[in-house]
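I open this notebook to record what I looked up in one structure.

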Amino acid sequence: MASAGDPLLPGEGSGRRPGFLPSSIRLKTSVWSELGGAVGDLGTYIPIVLALSLASHLDLGTTLIFTALYNFATGLLFGIPMPVQPMKSIAAVALSSAHLTVPQIMSAGLAVAAVLLFLGATGLMTCIYRLLPLPVVRGIQLSQGLSFAFTAVKYIRYVQDFSHSSSASTAVARPLLGLDGLVLALAALLFIILATGSGDDEDFASDGTIRRRRSCSRVPAALIVFALGLLLCFARDPSIVRGLRFGPAPLRIVKITWDDFKTGFWEGAVPQLPLSVLNSVIAVCKLSSDLFPERAELSPARVSVSVGLMNFVGCWFGAMPCCHGAGGLAGQYRFGGRSGASVVFLAIGKLALGLVFGNSFVTILGQFPIGILGVMLLFSGIELAMASRDMGTKEESFVMLVCAGVSLTGSSAALGFISGIVLYLLLRVRDVDYRGLLRRWGAGRRLTGSKVGGDGDEDA
């Protein structure tokens, strides 16, 4: 049986791969497959960054440059398509009625970074990871995946206004035709399904042998769809060319006052922390072991320290607070990413755009067809949700579904997590054989009494 690392294109055998490249970023499949995976998580990245750039005046060029550096580092260190995504809870608060300023957003990112760095450096994150029941982790993954899918359907069906929020669906239905119409989004959806199917790399025959390679390894569906979206930006509004300015934005240190830090901590960091611990570290490590079983399990401590260090560097310069995310990892894997090369390719693209266009690139992203982003986000969410299909018993599925349901209904991963833990412990208490414990306790007391009586007789 061929292995998952077999080359898919002629000339890509191990003998012809550049020997000077670190093993973490050597191609596991093909260049086109890794390029497709590189854009697999942009369905979540672009709406949040675009909304913050328009509504909160976040510098897009600075964020592109720093997230490119993060992508380079994580690709080299972890050897998988480890995503770098904006911290969603902080972004949601910044775009809500609270409307955090840039210094307050950066303060929230620094506070989350400090906590994650502490948990990772002390080894506490590893303890948390090993103690958490698998059904609870799966419930968090399922809720996050379904949340992405619900948001994606809104992107596809309704007109969006990202000048106020990254999920600001209007009541206006998306027009049927046009350069960002419903027909375009459905055409992209059908193309990806026909090209990639359910996302499996290989098609297995009944005897366990590989019958053929699936098309997703040869057709970079996500890359083609994303490239089409970029071309349509200029077709929708050719005048955006005049708004482009060449050269990177100047780096400036963000001045943070004590009041900024207090507001950022309570308004942004506190709601973000549970999501960062559960989805950015715990769920990422579990999902990576599911998607890459041949690799050694990711260290939760290393992932936690990675998130902390990224934000301690970038937040001082105004880069959007970022973390890793199970949804981004699922999306990049879904569209072909299998090694660190995938995010290195993405880093090259981000760095080039950040250095060449700086903050003016927001004029292009502002015209990107949102229906296409919705299609890409839909597949990312489904891939993440499908990780929960390994629950082997009804009891495990029960805990997982309750955890996911509470997370979705309350829009809080922390609330779902607490509900899942309480339910799991209650089921464990229910399974305890109290009669057996009482019998063993009584037998132990009688045995102790007989020994004491025997010793007394001997002394007499």
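**Entry 1: the largest cavity.** I began with the residues that line the largest cavity: Ile80, Ser288, Ser289, Phe292, Arg295, Ala296, Glu297 and Leu298. A cavity here is a set of points, on a 1 Å grid over the protein atoms alone, where a 1.4 Å probe fits but cannot get out, and a lining residue has an atom within 4 Å of a point. The space in the largest cavity is about 40 Å³. Volume is the space filled by probe spheres set on the points, and grid points are joined across faces, edges and corners. I sorted the lining of the largest cavity by class and got four nonpolar, two polar and two charged residues. For this sorting, Ala, Val, Leu, Ile, Met, Phe, Trp, Tyr, Cys and Pro are nonpolar, Asp, Glu, Lys and Arg are charged, and the others, Gly among them, are polar.

**Entry 2: ground rules.** I note that the model is predicted, that local features need pLDDT of at least 70, that side-chain atom pairs count only at pLDDT 80 or more, and that totals for chains, interfaces and linings use all residues. Residues are numbered from 1 along each chain as its sequence is written, and side-chain values use heavy atoms, with hydrogens and water left out.

**Entry 3: the second largest cavity.** How many cavities of 30 Å³ or more are there? I found two. The second largest cavity also has a volume of about 40 Å³. Its lining is made of Gln85, Pro86, Lys88, Gln272, Leu275, Asn279, Ser280, Cys323, His324 and Gly325. Strand 1 (85-86) and helix 10 (258-291) are the elements that give two or more residues to this lining. Helices (H or I, at least four residues) and strands (E, at least two) are DSSP runs, numbered from the N terminus. Helix 10 supplies the largest share of the lining of the second largest cavity, four residues. By class, that lining has three nonpolar, six polar and one charged residues.

**Entry 4: the whole chain.** I counted 18 helices and six strands in the protein chain. Of its 460 residues, 51% count as buried, where buried means under 20% relative accessible area, exposed over 50%, and partly exposed in between (1.4 Å probe, protein chains only). The chain exposes about 20600 Å², with carbon and sulfur atoms supplying 66% of it. These areas come from the Shrake-Rupley method with a 1.4 Å probe; for residues, only the protein chains shown count as cover. I also looked at contacts (heavy atoms within 4.5 Å). Among contacts between residues at least 6 apart in sequence, 80% join residues at least 24 apart.

**Entry 5: helix 1.** Which residues of helix 1 (residues 31-38) are buried? I listed Ser33, Glu34, Gly36, Gly37 and Ala38. What covers these buried residues includes helix 9 (221-236), helix 12 (326-334) and helix 13 (341-356).

**Entry 6: Met376.** I found Met376 in helix 15 (residues 370-385). Is Met376 buried or exposed? It counts as buried, because its relative accessibility is 0%. Leaving out residues up to four places away in sequence, Met376 touches Val39, Ala222 and Phe335. The C-alpha atoms of Met376 and Asp41 are separated by 7.6 Å, although the two are 335 residues apart along the chain.

**Entry 7: salt bridges.** I searched the whole structure and found nine salt bridges. The term means a side-chain nitrogen of Lys or Arg within 4 Å of a carboxyl oxygen of Asp or Glu. The side chains of Arg138 and Asp290 meet in one of them, at 2.6 Å from N to O. Arg138 lies in helix 7 (residues 134-157) and Asp290 in helix 10, so this pair ties together parts 152 residues apart in sequence. Arg138 also meets Asp390 in a salt bridge, at 2.7 Å from N to O. Asp390 sits in the loop between helix 15 and helix 16 (394-410), 252 residues from Arg138. Arg138 counts as buried, at 1% relative accessibility. Asp290 counts as partly exposed at 33%, and Asp390 is partly exposed at 38%.

**Entry 8: one more pair.** Arg428 forms a salt bridge with Glu395, the closest N and O atoms being 2.4 Å apart. Arg428 lies in helix 17 (residues 413-431) and Glu395 in helix 16, so the pair ties together parts 33 residues apart in sequence. Arg428 counts as partly exposed at 30% relative accessibility, and Glu395 is partly exposed at 29%. I close with the network: salt bridges that share partners join Arg138, Asp290 and Asp390 into one.

Terms used
On a 1 Å grid over the protein atoms alone, a cavity is a set of points where a 1.4 Å probe fits but cannot get out, and a pocket is an open set with protein on both sides within 12 Å along at least five of seven lines; lining residues have an atom within 4 Å of a point.
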